[in-house]
Amino acid sequence: MDTQEIIRQQVNTHPIVLYMKGTPQFPMCGFSATVVQVLRAAGVEQFHTVNVLEDAAIREGIKQFANWPTIPQLYVNGEFIGGCDILREMFQTGELQQVLGGARKLPA
Amino acid sequence: MVTPESVQKGIEAGLDCAHIEVIGDGQHFQALIVAEAFSGKSRVQRHQLVYAALGERMREEIHALSMRTLTPEEWSQAGGAAQ
């Protein structure tokens, strides 16, 4: 399976996916850390994360996937929402909370 | 080293800006970009326009460009204030 297909499956399998450097517990970049904080502040407890530092193919492939050259990247319901600046702005205006509220619920 | 001035020139070369300010330390940059081209575009599309203006340089050299992207109208509503 090629990298673009792997990414497509990841963002379609999990309602909320964050591609980041490091993990929520140990972020390896200030921008990734900020997005984790923003998601928590927006009331999201569960989200799937992909540590791009552990997978060079994903790290490069994710930049092509959404035509977006930087990491972190957030996807909700398979759709690219934005990077750090955009997520921060959307949180301030309340738009992010709306988008996250519309995330698919996983079957229990 | 990449300077704020070179980032600004790179953006201006590919995007008609009504106003632009870039500050930074060579590693991290913050840009305020006001352009008519942003009208009717989402935030993601606006940032993609700026990334496209910077082209390959973004990929290779600028690891961290934070930006605010406004239309001239939004900027004047915001009081035309510097960042």
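In what order do the strands of the open sheet in chain A come? This is a predicted model, where local features need pLDDT of at least 70, side-chain atom pairs count only at pLDDT 80 or more, and totals for chains, interfaces and linings use all residues. Residues are numbered from 1 along each chain as written, chains are lettered from A and ligands numbered from 1 in written order, and side-chain values use heavy atoms, without hydrogens or water.

**View 1. The open sheet of chain A.** Its four strands run β2-β1-β3-β4, with mixed pairing. β2 (48-51) and β4 (79-82) sit at the edges, each pairing on one side only. From one strand to the next, the twist averages 25 degrees. Strands here are DSSP runs of E, at least two residues, and helices are runs of H or I, at least four, numbered from the N terminus; two strands pair if DSSP finds at least two bridges between them.

**View 2. β1 next to β2.** Strand β1 (residues 16-20) of chain A runs parallel to β2(A), and four bridges join them. Look for Val17(A), whose bridge partner in β2(A) is His48(A).

**View 3. Two helices across the sheet.** Helix α1 (residues 3-13) of chain A lies across β1, β2 and β3 (73-76), at about 135 degrees to β1(A). Helix α2 (residues 30-41) of chain A lies across β1 and β3, at about 160 degrees to β1(A). Contact means heavy atoms within 4.5 Å; axes are lines fitted to C-alpha atoms, for helices over the stretch in contact, with angles from 0 to 180 degrees between N-to-C directions.

**View 4. Tyr75(A) and Phe80(A).** Both are buried (under 20% relative accessible area, 1.4 Å probe, protein chains only). Their rings form a tilted aromatic pair, 5.4 Å centre to centre with 50 degrees between the planes (ring centres within 6.5 Å, using the six-membered ring of Trp; under 30 degrees is stacked, over 60 edge-to-face, the rest tilted).

Methods: Buried means under 20% relative accessible area, exposed over 50%, partly exposed in between (1.4 Å probe, protein chains only).
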